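The sequence and structure are shown first.

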Amino acid sequence: NPDMAPSAVEELLRYLSIVQFGLLRQATEDIEIGGRTIPAGEWIIGAITAGNRDERFFPDPDEINLERTTNRHLAFGFGIHQCIGQQLARVELQEVFTRLYARIPTMRLAVDMDELTYKNNTLVYGVQKLPVAWD
C-alpha cells in the first residue's frame, strides 16, 4: 500500500536506526544515570538504538509495526543535535519505496531474511548486500 510509505519509513528508521552510537557527550557536572554517577569530565556514548527500543515509548519495540501511530524515534538525533538533512532523507525514502513498488511490484528478497548480513562495525548501520529478485 503506497499510502503507508510515510509510516513505514518512520518505523524502519526506528527499528533499523542508521547511526548506532552517534551521541558522544561529556558530562559538564556530576550526573546520575540509571543509578550510577557519571563524574564531570567523563565521556558518555548514547546508544540511539536503545532509545528506539524503549518499551515505555514503543509497545512491542522489537517488532516492526508499519502502522505504528506514534513514532517519535531518535534515528536523526534529538533537540539541537538533530540531523539537518532529516526531512530530505524522509522524502527520498518515501519516494523510493513508493516508486520502486509501483515500477517493480513483484520485487522480493532473493534470500531468507536471516541470511542478510549487517554492517555492525561502522558508524552507519545497514546491510552488507541486499539481493533481490522479481518476476
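The sections below treat the basis of the model, the pockets, the salt bridges and a surface patch.

## Basis of the model

The model is predicted: local features need pLDDT of at least 70 and side-chain atom pairs count only at pLDDT 80 or more, while totals for chains, interfaces and linings use all residues. Residues are numbered from 1 along each chain as its sequence is written, and side-chain values use heavy atoms, with hydrogens and water left out.

## The pockets

The largest pocket has a volume of about 1400 Å³. A pocket here is an open set of points, on a 1 Å grid over the protein atoms alone, where a 1.4 Å probe fits, with protein on both sides within 12 Å along at least five of seven lines; lining residues have an atom within 4 Å of a point. The volume is the space filled by probe spheres set on the points, which are joined across faces, edges and corners. Of the 38 lining residues, Ala8, Leu12, Leu16, Phe97 and Leu130 lie nearest the centre of the largest pocket. H1, helix H2 (48–52), H3, S5 and strand S7 (126–127) each supply at least two residues of this lining, and H1 gives the largest share, seven residues. Helices (H or I, at least four residues) and strands (E, at least two) are DSSP runs numbered from the N terminus. The lining comprises 28 nonpolar, seven polar and three charged residues. In this classification Ala, Val, Leu, Ile, Met, Phe, Trp, Tyr, Cys and Pro are nonpolar, Asp, Glu, Lys and Arg are charged, and the others, Gly among them, are polar.

The second largest pocket holds about 390 Å³ of space. Its lining has 20 residues, of which Phe58, Arg72, His73, Leu74 and Phe78 lie nearest the centre. H2 and H3 each supply at least two of the residues lining the second largest pocket, the largest share being the three residues from H2. By class, this lining has seven nonpolar, nine polar and four charged residues.

## Salt bridges

Seven salt bridges are found in the whole structure, each a side-chain nitrogen of Lys or Arg within 4 Å of a carboxyl oxygen of Asp or Glu. In helix H1 (residues 5–15), Arg14 and Glu11 lie three residues apart, about one turn of the helix; their closest N and O atoms are 2.9 Å apart. Both Arg14 and Glu11 are buried (buried is under 20% relative accessible area, exposed over 50%, partly exposed in between, with a 1.4 Å probe and protein chains only).

Arg99 and Glu95 form a salt bridge with closest N and O atoms 2.7 Å apart. These two residues are separated by about one helical turn because they are four residues apart in helix H3 (residues 86–103). Arg99 is exposed at 57% relative accessible area, whereas Glu95 is partly exposed at 36%. A further bridge joins Arg108 to Asp135, with closest N and O atoms 3.5 Å apart. This pair links distant parts of the chain, 27 residues apart: Arg108 is in strand S5 (residues 108–109) and Asp135 in the segment after S8. Arg108 is partly exposed at 41%, and Asp135 is exposed at 73%. Salt bridges with shared partners also join Glu11, Arg14 and Arg68 into one network.

## A nonpolar surface patch

Leu109, Met113, Leu130, Val132 and Trp134 form a nonpolar patch on the surface, with about 490 Å² of accessible area together. Patches are made of residues with over 30% relative accessible area and no salt bridge; like charges are joined within 9 Å, and nonpolar side chains (Val, Leu, Ile, Met, Phe, Trp, Tyr) within 5 Å. Accessible areas come from the Shrake-Rupley method with a 1.4 Å probe, and for residues only the protein chains shown count as cover. Trp134 lies in the segment after strand S8 (132–133) and is partly exposed, at 48% relative accessibility.
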